[in-house]
Amino acid sequence: FLKKAILACGIENRTEVFGRQFGEIKKPDVSHVTCRALDKFTKKIPNIIKWSTKAMLLLFSGNKMSEKLEKQCVNFDKTLIPMSKKRFLFRVFPETN
């Protein structure tokens, strides 16, 4: 699905899809990272934040993600996904130090 979406958007020369979990690969030198659904997603957030270092995270989740991100003391914003009542896009900004 992700590869088809990338082709439909015409951004195949600027994207790469890894069919692995975050902890299974070395983070590539990229500015943004997103993922599809993960089991126990909110429990993995601390490790995902550490792994992403200087990349912005683009995460799709319910409102409970706000609480988890606040506990991690990271800067983020959220946008309600069109035609949804409960699903959000969270932009987690990288640390600037």
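Trainee: Where is T53 found, and what makes its phi stand out?

Mentor: T53 is found in the loop between α2 and β2, where helices (H or I, at least four residues) and strands (E, at least two) are DSSP runs, numbered from the N terminus. Its phi is positive, about 40°, although T53 is not a glycine. Most residues other than glycine have a negative phi. Please keep in mind that this is a predicted model, in which local features need pLDDT of at least 70 and side-chain atom pairs count only at pLDDT 80 or more, while totals for chains, interfaces and linings use all residues. Residues are numbered from 1 along each chain as its sequence is written, and side-chain values use heavy atoms, with hydrogens and water left out.

Trainee: Why is T53 called partly exposed, and which label does M83 get?

Mentor: Buried means under 20% relative accessible area, exposed means over 50%, and partly exposed lies in between, with a 1.4 Å probe and protein chains only. T53 has a relative accessible area of 48% and is therefore partly exposed, whereas M83, at 90%, is exposed. M83 also has a positive phi, near 65°, in a residue other than glycine, and its place is in the loop between β3 and β4.

Trainee: How many salt bridges does the rule give, and what makes the pair of D77 and R91 qualify?

Mentor: The count comes to two salt bridges. In one of them, the closest N and O atoms of D77 and R91 are 2.5 Å apart, and this pair links distant parts of the chain, with D77 in strand β3 and R91 in strand β4, 14 residues apart.

Trainee: Why are β3 and β4 called paired?

Mentor: Two strands pair if DSSP finds at least two bridges between them. Five bridges join β3 (residues 76-80) to β4, and these strands run antiparallel, with K78 standing opposite F90 in β4. β2 and β4 are likewise joined by five bridges and run antiparallel, L89 in β4 being the bridge partner of F60.

Trainee: What makes a residue part of the largest nonpolar core, and which members touch the most others?

Mentor: A nonpolar core is a set of buried Ala, Val, Leu, Ile, Met, Phe, Trp, Tyr and Cys residues joined through side-chain atoms within 4.5 Å. Of the 17 residues in the largest one, F41, I45, L57, L59 and L69 touch the most other members. Two or more residues come from each of α2 (41-52), β2 (56-61), α3 (64-71) and β4 (88-92), and α2 gives the most, with five residues. Beyond four places in sequence, L69 touches I45, I49, V74, F76, F90 and V92.

Trainee: How many disulfides are there, and what decides it for C9?

Mentor: A disulfide is a pair of cysteine sulfur atoms within 2.5 Å, and by this rule the count comes to zero. The cysteine sulfur nearest to that of C9 belongs to C35 and is 17 Å away, and C9 is in no disulfide. C9 counts as exposed at 56% relative accessibility, whereas C35 counts as buried at 18%.

Methods
Contact means heavy atoms within 4.5 Å. A salt bridge is a side-chain nitrogen of Lys or Arg within 4 Å of a carboxyl oxygen of Asp or Glu.
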